[in-house]
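Here are my notes on this one, in the order I jotted them down. Have the model open while you read.

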Amino acid sequence: MVGSNKYFYKVCIVGDSEVGKTTLVNQYLKRRFVADAQRTIGSNFFVKYVKIPEVKHLITLQIWDLAGQPRFKWVRFAFYKGASGIVYAFDLTRRHTLDSLINWKEEVESKIGVMPNIFVGNKRDLIIDDTRFINAEEISQFKETLSANAYFETSAKLGTNVKNVFDILALEMYKNTHIII
Ligand code: GTP
């Protein structure tokens, strides 16, 4: 089976610097933790072929890892063009990275409007005794604000839920453009 343009989707992963965007992408592509991910300069992109049970075709994801630092805002604007899906990532150990997702949503939507997206709390492995600053009610409010298709708590270190993020996003992007029989 080969990928084709018909089932090709561009995905951008956004969120504040150091939330673990590059590490999530590395874990997804290489199934291992790359501990020394360098700060992303501008952007990098990667291609992954995905097979999900609901879709009989092979889906091609082109994943753009965009630098989270404010000084790269001008670079990011150019790269949102053509994106069919977004991963909004925050760090479960840093509250302000969650609040920032409102700004990320505005930045993304000012360029491409509302797209299928997944809301992700990363660094799940650092949460001890299940105590987190975000509760279920707030998760559901943010999910609604982002119009997110799903919320996942991931560990890019251990690999927890990382594949689910991209598989569900691939399915949602597919459903946005095709009918599943
Ligand atoms: P920018 O390139 O500046 O936008 O940052 P980024 O969001 O791509 O973050 P990056 O992937 O570089 O990760 C930042 C730091 O967090 C690194 O030291 C990673 O090793 C660490 N990290 C990322 N994900 C996890 C995780 O799930 N668990 C733990 N414990 N550390 C993580």
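1. Start with helix α6, residues 162–177: its 16 residues should span 22 Å at 1.5 Å a residue, and the end C-alpha atoms sit 24 Å apart, so the two agree. Keep in mind that this is a predicted model.

2. Which residues of α6 are buried? They are Val 162, Val 165, Phe 166, Asp 167, Leu 169, Ala 170, Leu 171, Glu 172, Met 173 and Tyr 174. As a reminder, an α-helix has 3.6 residues a turn, so residues three or four places apart point the same way.

3. Now α1. This helix is mostly covered, with 8 of its 10 residues buried. Those are Lys 21, Thr 22, Thr 23, Leu 24, Val 25, Asn 26, Gln 27 and Tyr 28. After α1 comes Arg 31, with a positive phi near 50°.

4. On to the ligand. Helix α1 (residues 21–30) is the biggest giver to the shell around the ligand, with 3 residues. There are 22 residues around the ligand, and Ser 17, Lys 21, Thr 23, Asp 125 and Ala 156 come nearest. By class, the shell has 7 nonpolar, 8 polar and 7 charged residues.

5. Ser 17 has a polar side-chain atom 2.6 Å from a ligand oxygen. For Thr 22, an N or O atom of the side chain is 2.9 Å from an oxygen atom of the ligand. The ligand taken alone exposes 660 Å², and the protein buries 89% of that.

Methods:
Residues numbered from 1 in each chain as written. Predicted model: local features only at pLDDT ≥ 70, side-chain atom pairs only at ≥ 80, totals over all residues. Heavy atoms only, no water. Near = heavy atom within 4 Å. Polar contact = N/O pair within 3.5 Å; in protein donor to acceptor, adjacent residues only side chain to side chain. Areas by Shrake-Rupley, 256 points an atom, 1.4 Å probe, with all protein chains shown as cover. Helix = DSSP H or I, 4+ residues; strand = E, 2+ residues; numbered from the N terminus. Nonpolar A, V, L, I, M, F, W, Y, C, P; charged D, E, K, R; others polar. Expected span 1.5 Å × (residues − 1). Buried < 20%, exposed > 50% of the residue type's maximum accessible area, 1.4 Å probe, protein only.
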